[in-house]
Amino acid sequence: MKNIYDVLSNCILMKNFSENDIEKLLAKIEYTPRKYSKGEVIAIEESDCSKIGIVIDGNVEVQKTFSSGKVITLGILRESDIFGEVIIFSNRNTYPATITASSSTSVMFISKEDILKLCNIFPMFLKNFMSLLSDKILMLNKKLKNISYETIRQKISSYILEEYHQQKNLKIYLNCTRKEMADQLGIPRPSLSRELINMKKDNLIDFNKNLIFIKDIDSLEDLLL
């Protein structure tokens, strides 16, 4: 397992914390590290959530299973990413999806009671926790906006423009696979690939592996009007 201090220093909850600060923080709580094998379920949909999880090593997938048996990956969590933080203080604190290890994975769990303790002792931890929740709300609004678009081209254009505004560059690097991108947009992967090719033919974009080059940003923006 990787050095826990190095990983936690990149976790949003520990933003601006020194290694010494993290050491003091960990001394105040009873955290639970646990290892998972590839494919092992970490949390089942509708099960109770009483702790937040921080990925210390490896990757996990957030998956939704439908009654038809179809499984959609809603997101990929990597080293220093967190899950459970939005629902742990909810009146309905059950997992809305299943969380599964997609590789050999280590997760650190912190209980609800210890989170409250840390928020009380460390003002910076409280600030970081509030920032995390605010970012989640903004992300949800982004997803709701994407759902409102009717065509695949609109969904892709919205995604590309969001990345453009974040990266501030016409050359966009995507830190996800085509399948992950398709799952995030709620469209079949073949449909995503076809439309990307069509957008390239229409001289809106160009792409190479995980890079997308915006060639006509005005037309992309016009598609969303």
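Predicted model: local features only at pLDDT ≥ 70, side-chain atom pairs only at ≥ 80, totals over all residues.

Me: What share of residues 150-218 is helix and what share is strand?

Reply: Helices (H or I, at least four residues) and strands (E, at least two) are DSSP runs, numbered from the N terminus. Over residues 150-218 the chain is 57% helix and 16% strand, and the end C-alpha atoms of this stretch lie 19 Å apart. UniProt, in an unreviewed entry, lists residues 150-218 as "domain: HTH crp-type"; its positions are given in the numbering used here, feature names are shortened, and annotations may be inferred rather than shown by experiment.

Me: Why is helix α6 described as largely enclosed by the rest of the structure?

Reply: Buried means under 20% relative accessible area, exposed over 50%, and partly exposed in between (1.4 Å probe, protein chains only). In helix α6 (residues 178-185), 6 of the 8 residues are buried, so the helix is largely enclosed by the rest of the structure. The buried residues are R178, E180, M181, A182, D183 and L185. Just after α6, G186 takes a positive phi of about 75°.

Me: How many salt bridges are there?

Reply: Side chains of opposite charge can pair when their charged atoms come close. A salt bridge is a side-chain nitrogen of Lys or Arg within 4 Å of a carboxyl oxygen of Asp or Glu. By this rule the count is 9. One of them joins K136 to E85, with the closest N and O atoms 3.3 Å apart. K136 lies in helix α4 (residues 123-148) and E85 in the loop between β6 and β7, so the pair ties together parts that are 51 residues apart in sequence. K136 is partly exposed, at 28% relative accessible area, whereas E85 is buried, at 4%.

Me: Which residue meets R92 in a salt bridge?

Reply: The partner is E46, at 3.0 Å from N to O. This pair links distant parts of the chain, 46 residues apart: R92 is in the loop between β6 (82-83) and β7 (98-101), and E46 is in the loop between β2 (41-43) and β3 (51-57). R92 is exposed, with a relative accessible area of 52%, while E46 is partly exposed, with 42%.

Me: Where do D114 and K117 lie?

Reply: An α-helix has 3.6 residues a turn, so residues three or four places apart point the same way. D114 and K117 are both in helix α3 (residues 112-121), 3 residues apart, about one turn of the helix. Their side chains meet in a salt bridge of 3.6 Å, N to O. D114 counts as buried at 8% relative accessibility, and K117 is partly exposed at 36%.

Me: What is the order of strands in the open sheet?

Reply: Two strands pair if DSSP finds at least two bridges between them. The open sheet of 4 strands runs in the order β2-β7-β4-β5, with antiparallel pairing. β2 and β5 (71-77) stand at the edges with a single partner strand each, so one side of each is left without a neighbour in the sheet. Strand β4 (residues 60-65) pairs with β7 in the antiparallel sense over 4 bridges, and Q63 stands opposite T98 in β7.

Methods. Residues numbered from 1 in each chain as written. Heavy atoms only, no water.
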